[in-house]
Amino acid sequence: MSMTDVLIVGAGPTGLVLACDLARRGVAVRIVDRSPAPPRTSRAKGPNPRSLEILDDLGVAEEVLAAGSAPLPMLKYRDRRPVAEADPWADSAPSPDARYDRGWLIAQWRLEGILRDRLAGYGVRVEPGREVVGLAQGQDGGDGGHVDVTYADGPAGRARYVVGCDGAHSSVRKLLGIPFEGTTAEDQVMVCGDVDLADGVLDRTRWHQWFDEDGAVMLCPIPGTRTGWWFQAGPERDGRGRPLAPTADGFRRLLAHHTALPGRDLTRAELLSTYRVNVRMADRFRAGRVLLAGDAAHVHAIAGGLGMNTGIQDAFNLGWKLGLVLAGHADAELLDTYEEERLPVAARTLDLTSERLRATLEAIRRPGGGLDTAITPDTTGLGVGYRWSSLAAGDRTPQAERPGPHAGDRAQQPEQPGPRAGDRAPDAPCADAATGVRTRLHRVFAGPRTTVLGFGPGSAAVLRETADAYGGGAGVRVCRVYAAHEDRAGAEPGAVVDDAGHASAAYGTGASGDTGAGTVVVVRPDHHVGVLGPADDARSVREYLRRLHGTGRSAERSPGMVDAVR
């Protein structure tokens, strides 16, 4: 029986992001899905700013931006008349440390198509019609273990690791016997679908929201279509108050009842579904060599649009860890940090989305209230970090200040200049030291490597030691960040110039002078800070890199990492 490194079950955004991240590392990966063909579903409305950073790292952000549109102002109605307009993003703008200040509207099927194309570029294609019905973990004499996988049809398979990205009704989770505790609010029901409206009947530069005392209809234009709209509404109900299943005629009746449009203006309705508010989470994200990600691990209220985004961010946290373990650089215990980091974030997300749903339901009782209530700085994903993690080396935060299991963002923490270990590593515009070409720190970080940044002349020694130990393909890059006034004669390849001071401001290093210890920052492959401290503390850098990448040149080499194509 042939062995693959990682089998991914489920080819939605979570599974596809994980597959792309692993494939570019040279990992032998398979991705299967029970559906006989890619489902054409809109569902999630698009990536938030943090997910856009991840898609940029994978080399597909520009295509995603071109295929979608910026989020639209919300036009709100009462009794069929417009009463208010809100643009939650009116006051936001890109900043030096965050290129993306808002999410992006794109149909989920279109995003999945872009990711499938990127994956195919690595020689990996989704295998449709493959339903997993059995998992058995066993031991090998050679590499220590494997998972035997049984399918409903076709030959069995074997993988070193299996990741269930197969949604809220996950077969993988059920086969593991992992509880999915939580609640389903049977009274909080919404019917959804993709519809066509007669051309020109509604302004496509607005997200239209009708909220009445007896129900609601929401229509958002689907980017890339001329007459397509996302339709969401409170359901029709029978004489006993029970929600009716969605139908095209039912959508027409809802449209006519709540809006000034006649039902006949709705010319097509498909992909109809009923959404109930589920707030559930697996009590563990790993069982031996099988892991869970995305909706298979956690589901929550739709408010804030964090479902797909939390899954994408799960995948980006897990991919580099699987890659380093499979390459033989890191011990398998590194995989324990996936649950250690992402389970508290999922718990926090359940709390956040439930609170935003409560606030939104309260807001729409009043004329002018709408879905803008669900949009807060927390929903960007940019504040999510892991200060409590065992991978947050050298975090001197007193234990009493550390976030508990329901905190996933740094907004709750006392502010101080620059990030701390565990936080998202800020972006910053800069210039290539050799060519002067404009670039950004996140572009320096892009690709499947750990990055060691050095600020100030005093960082030269630790950068040189790191390059000597890990240069030549061991998955670590070094980057000297020069201040504008520093002499750059003989600058190392890959060095950048912080010509406007944004990088030193973002990392709290101060202006780099010609003397002093300088600062060193180890940035994990998922853009989170592992170590931040004085550059003369080479031991902390050395120990951290040894944990992730082994001893360097003597360690087993990666099976051939591939940088994202720009």
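1. Helices (H or I, at least four residues) and strands (E, at least two) are DSSP runs, numbered from the N terminus. A cavity is defined on a 1 Å grid over the protein atoms alone as a set of points where a 1.4 Å probe fits but cannot get out, and lining residues have an atom within 4 Å of a point.

2. The structure is a predicted model in which local features need pLDDT of at least 70 and side-chain atom pairs count only at pLDDT 80 or more, while totals for chains, interfaces and linings use all residues. Residues are numbered from 1 along each chain as its sequence is written, and side-chain values use heavy atoms, with hydrogens and water left out.

3. A search of the whole structure returns 4 cavities of 30 Å³ or more. Grid points are joined across faces, edges and corners, and a volume is the space filled by probe spheres set on the points. The largest cavity holds about 100 Å³ of space. Its lining consists of Glu53, Asp56, Asp57, Arg99, Tyr100, Asp427, Arg440, His442, Arg443, Ala446 and His527. Both α2 (49-57) and α9 (441-445) supply at least two residues of this lining. By class, the lining has 2 nonpolar, 2 polar and 7 charged residues (Ala, Val, Leu, Ile, Met, Phe, Trp, Tyr, Cys and Pro count as nonpolar, Asp, Glu, Lys and Arg as charged, and the others, Gly among them, as polar).

4. His442, one of the residues lining the largest cavity, lies in helix α9. His442 counts as buried because its relative accessibility is 8% (buried means under 20% relative accessible area, exposed over 50%, partly exposed in between, with a 1.4 Å probe and protein chains only). Leaving aside neighbours within four places in sequence, His442 is in contact (heavy atoms within 4.5 Å) with Glu53, Arg424, Ala425, Pro426, Asp427 and His527.

5. The second largest cavity has a volume of about 80 Å³. Arg50, Ile54, Gln313, Phe316, Asn317, Arg342, Gly381, Val384, Tyr386, Asp526 and His528 line the second largest cavity. Here α7 (307-326) and α2 each supply at least two residues, and α7 gives the most, with 3 residues. The lining divides into 4 nonpolar, 4 polar and 3 charged residues.

6. Helix α4 (residues 108-121) has 14 residues and should span 20 Å at 1.5 Å a residue, which agrees with the 20 Å between its end C-alpha atoms; the expected span is 1.5 Å times one less than the number of residues. The buried residues of α4 include Leu111, Ile114, Leu115 and Leu119. Their cover includes α1 (13-23), β2 (29-32), α2, α3 (61-67) and α7. Just after α4, Gly123 takes a positive phi of about 85°.

7. Strand β11 (residues 228-233) is largely enclosed by the rest of the structure, because 6 of its 6 residues are buried. Gly228, Trp230 and Gln232 are buried on one side, and Trp229, Phe231 and Ala233 on the other. β11 pairs with β10 (residues 215-221) in the antiparallel sense over 5 bridges; two strands pair if DSSP finds at least two bridges between them. In the hairpin of β10 and β11, with 6 residues between the strands, Gly224 takes a positive phi near 85°.

8. Arg366 is found in the loop between α8 (336-363) and β16 (429-432). At 47% relative accessibility, Arg366 counts as partly exposed. The C-alpha atoms of Arg366 and Asp212 are separated by 8.9 Å, although these residues are 154 residues apart along the chain.

Terms used: 1 Å grid on protein atoms, 1.4 Å probe; cavity = no way out; pocket = protein on both sides within 12 Å on 5 of 7 lines; lining within 4 Å.
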